[in-house]
Structures are given as C-alpha cells and as structure tokens.
Amino acid sequence: AQLASALRGCQQLRHLNLSYNRLRAGGMEHLSPSLASLPALTHLDLSQTQLQDSGAQAVSHGLRGCERLATLVLSLNQIGAEGASSMVAGLQECTALAHLDLQMNPLGALGATSIASALQYWPHLRYLDLGHANIPGEGWESLGGTLHRSSALTCLRVFSNQIPDPSLAALARGVSECAALRELNVGGNDCGRAAKAELARLEERRGGGLRVWY
C-alpha cells in the first residue's frame, strides 16, 4: 500500500524495476491503479514476482494508460493461457512496445495465439522472448502465420519448447517475412530434417545477416 501511494506521486517516472519481489497477485492488484497514473513509464520489470494469471490480469489493467511503455519483462511468473490472454488485451494500447519478455511462463496454445493476434498493435516490437513457454505445435504455427506483421523484429527467442519439427518449420517460414530479424534462438527443440532445411534456406537468403542458435 505504501509503494502504491508513493508511485501515484511519480508522474515523471520512466523506469520501474520490481523484479524478484513477492508481489503476488494481491500486491499487483494494489499497484495496478498506480501504474495507470504513470504516463511517462517506458520500462517495467516484474520478473519472478509470483504473479500467476490473476496478477497478469492486474498488470493488464494498470498498463492501459501507459502509451509510452517500451519494455515489459514478465519472465518466471507462472502466467498461463488465461493470464497471457488478459495481459495481451491490456497491452493493445501500448503501441510503443519494443521489448516483451515472457520466458519461463506456461503460456500454452491460447497464450501464443493471443500474442500472435496482438502483433499488429506493436509495430515497433524488436525483441520477443517466448523461451520455455510450454507452447504446443499449433501455437507456434499460429505465431508463424502472423510474424509478417512484425517488420521491426530483430530478435526472437523460442528455446526449450520441444516444438515439433513440422511446427518449427512453419515458424521458420513465418520468420522469413521478418526482414529486420538478426537473431533466432531455437535451441532445445525437436529440430528435425524439415525445420533444419527451412532454417538453412532462411540463413542462406539472408547472406549472414541472420544468426540461428540451435
């Protein structure tokens, strides 16, 4: 409650790092109205704060007025499909978003589909981390079908998701539409013949301008 009260008086605050605190959903619900009163906020780090789905929903409510937000870190928060969908809906107004880190959350297929649908609202997105996110094949295929909307994307991390080879190949085809992409991390996945062939063709077309991490 004290932090929430203090934040309401910091309207010029740009960077807020609350990572590795036991905020949990209840704490985030107290802070959410205060986030909405920070119009200058550009960087918010809430990694490993035990938010879970209800905490992610509170984050989404608080960020609806933060149109300048460029960096959001929500890694290691046990956020599932429901929380991811709610959070993404709240971020649609954050059109300046350039860095989104959701690694180590069990987002599932619905979470991935929600993110795929929201890419159109983030034209400046350069960094997207979905590593170790428990997303099944259909989620990656959905994401691959919308990556053409991410013309500014330079780094995509999808490591340790056990992505099936056909789905990884579909994702690689989607990545080929991201002309600005410079780094793709697919380590820790089931990278079989089809996916390796697509990724090899992609690297060849880029002529060394893209680095793929296996």
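Buried residues are those with under 20% relative accessible area. All views show a predicted model.

**View 1. Buried residues of helix 4 (residues 81-90).** Within helix 4, Gly83, Ala84, Ser86, Met87, Val88 and Gly90 are buried. The cover over these buried residues includes helix 3 and helix 5 (108-118).

**View 2. Packing of helix 2 (residues 24-35) with helix 3 (residues 52-62).** The two helices pack at an angle of about 5 degrees, and their axes lie 8 Å apart. Helix 2 is therefore roughly parallel to helix 3, since angles under 35 degrees count as such. Helix 2 contributes Ala25, Met28, Glu29, Ser32 and Leu35 to the contact, while helix 3 contributes Ser54, Gly55, Ala58, Val59, His61 and Gly62. By class, this contact comprises 5 nonpolar, 5 polar and 1 charged residues.

**View 3. The buried face of helix 6 (residues 137-144).** Gly137, Gly139, Trp140, Leu143 and Gly144 are buried in this helix. Seen down the axis of helix 6, these residues fall within an arc of 160 degrees and so line one face of the helix. They pack against helix 5 and helix 7 (165-175).

**View 4. The largest nonpolar core and the surroundings of Leu91.** This core has 63 residues, and Leu63, Leu69 and Leu91 have the most contacts inside it. At least two core residues are supplied by each of helix 1 (2-7), helix 2, helix 3, helix 4, helix 5, helix 6, helix 7 and helix 8 (193-206). Apart from neighbours within four places in sequence, Leu91 is in contact with Leu63, Leu69, Leu72, Leu97, Leu100 and Trp122.

Terms used: Residues are numbered from 1 along each chain as its sequence is written. This is a predicted model: local features need pLDDT of at least 70, side-chain atom pairs count only at pLDDT 80 or more; totals for chains, interfaces and linings use all residues. Side-chain values use heavy atoms; hydrogens and water are left out. Axes are lines fitted to C-alpha atoms, for helices over the stretch in contact, and angles run from 0 to 180 degrees between N-to-C directions. Helices (H or I, at least four residues) and strands (E, at least two) are DSSP runs, numbered from the N terminus. Angles under 35 degrees count as roughly parallel, over 145 as roughly antiparallel, 65 to 115 as roughly perpendicular and the rest as oblique. Contact means heavy atoms within 4.5 Å. Ala, Val, Leu, Ile, Met, Phe, Trp, Tyr, Cys and Pro count as nonpolar, Asp, Glu, Lys and Arg as charged, and the others, Gly among them, as polar. Buried means under 20% relative accessible area, exposed over 50%, partly exposed in between (1.4 Å probe, protein chains only). The arc is that of the directions from the helix axis to the C-beta atoms. A nonpolar core is a set of buried Ala, Val, Leu, Ile, Met, Phe, Trp, Tyr and Cys residues joined through side-chain atoms within 4.5 Å.
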